[in-house]
Amino acid sequence: MRDVNIALIGGGFMGKAHSLAYAAMPMFFWPAPARPIRKVVVDATDELARTAADRYGWERHSSSWQEIVEDPTIDVVDIATPNHLHAEIAIAAAKAGKHVICEKPLAPTADEARLMLDAVERAGVVNAVAFNYRRTPAVVLARKYIENGEIGDILNFRGTYLQDWSADPNSPLSWRFQKKIAGSGAIGDIGSHVVDLARYLVGEIAEVNSVVSTWIKERPLQSGGFDTLGTAKVSSGPRGTVDVDDEAVTLVRFTNGAVGSLEATRNAWGRNNFLTFEIHGTRGSLVFNYERRDELQVAFADDPADRRGFRTVYTGPATPYGEALWPIPALGIGYGETKIIEAYELMKAIETGERIRPDFADGYQTALVDEAIATSGATREWVKVEPVQTAAHAQR
């Protein structure tokens, strides 16, 4: 088993999740395809980087991502920064011959996502985008049922991602409410996960018709660079303008003829991480709620009439990734396990040379859907989504 040296760019919330995944992956997936080595973590200042290294177990730290991507000892550059830095770092890393994994959304705009895709394809490096929720074993199980024809042809997909961490108008103006950094609001931050699940489970989205709203127009200016995700409240002091969306509600048509709806908001009081889908097919239905992530609700048309209805399948050793995770169904899958599975798939792709999904082509296609949702919200018209044409997509 060889060592793969990782450079993590960004020591915040997502940096913690990625650090945990690299440390824990070989404990679950053994023998591991490769051993990820937490070589260096980069943050905006030396103090932040040193703290991240000490806290998350990295061998060394730096405040210069430019120097790190040129370091010949580094194999993988892992980008966990605010969105506006993704493209510059990813393109430089690809040019330096590094494999690249990038947090979602891939970039603030589809144009930048396209440049990132072009860079990794020119370099021929492994590339991945961190839509980790599709790694949840119950979601992978849903896809298995769909591919086996258990629910027939898909007719309808209803997806939601509802949170309330920004519903309070006194939540600070983090970078997630600033278009120049984030690109969009709920659409890119959490709606992109719903789009990714829709594409993963149903297929490509052909067109959208959306309502997009910004409910809170100003927020208190944030002090300090750490993203608190609404845990801090500021009732006084200067306020800044919110120039991204708070909520998007979208009708969709898929290229295979299915229809559906997507919703994303961070202003839904009482909803914490309510990422859900309900899929109706000609022979059955599937329901998933991430807040009950060990469970998949299933209903099949072939069930006897006196037993027909939804029942619960709990994920465990007999379901996807189960042999590597916990030995008893419903023992408890968490956010950390989805990131551990993500790290496993990345190491496997690096060792085998096989394409990992979702990759930058998927991230670009999702960015095109996100932009279509925003455009439809502004024009109040159906907007078509152009399919990505790349060598990688030709292999699908």
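Visitor: In this predicted model, which residue has its charged end over the ring of Phe-177?
Guide: Look for an Arg or Lys here, since a charge over a ring is judged from NZ of Lys or CZ of Arg. The charged end in question sits 4.2 Å from the ring centre of Phe-177, and it belongs to Arg-219.

Visitor: And which ring does the charged end of Arg-293 sit over?
Guide: This ring is part of an aromatic cluster that includes Phe-13, Tyr-133 and Tyr-161. The charged end of Arg-293 is 4.3 Å from the ring's centre, and the ring is that of Tyr-290.

Visitor: How many aromatic pairs are there?
Guide: Rings count as a pair if their centres lie within 6.5 Å. By that rule, the count is 13.

Visitor: Phe-157 and Phe-254 form one of these; is the pair stacked or edge-to-face?
Guide: Planes over 60 degrees apart count as edge-to-face. Here the centres are 6.4 Å apart and the planes make an angle of 75°, so the pair is edge-to-face.

Visitor: Why does that pair tie together parts that are apart in sequence?
Guide: Phe-157 lies in strand S7, while Phe-254 lies in strand S11. Both residues are buried, by the way. The pair therefore links parts of the chain whose separation in sequence is 97 residues.

Visitor: Which element gives the largest share of the lining of the second largest pocket?
Guide: That pocket has a volume of about 440 Å³, and 19 residues line it. Helices H6, H8 and H9 each give two or more of them. The largest share is four residues, and it comes from H9.

Key: Residues numbered from 1 in each chain as written. Predicted model: local features only at pLDDT ≥ 70, side-chain atom pairs only at ≥ 80, totals over all residues. Heavy atoms only, no water. Phe/Tyr/Trp six-rings, centres within 6.5 Å; stacked < 30°, edge-to-face > 60°. Buried < 20%, exposed > 50% of the residue type's maximum accessible area, 1.4 Å probe, protein only. Lys NZ or Arg CZ within 6 Å of the ring centre and 35° of its normal. 1 Å grid on protein atoms, 1.4 Å probe; cavity = no way out; pocket = protein on both sides within 12 Å on 5 of 7 lines; lining within 4 Å. Points joined across faces, edges and corners; volume = space filled by probe spheres on them.
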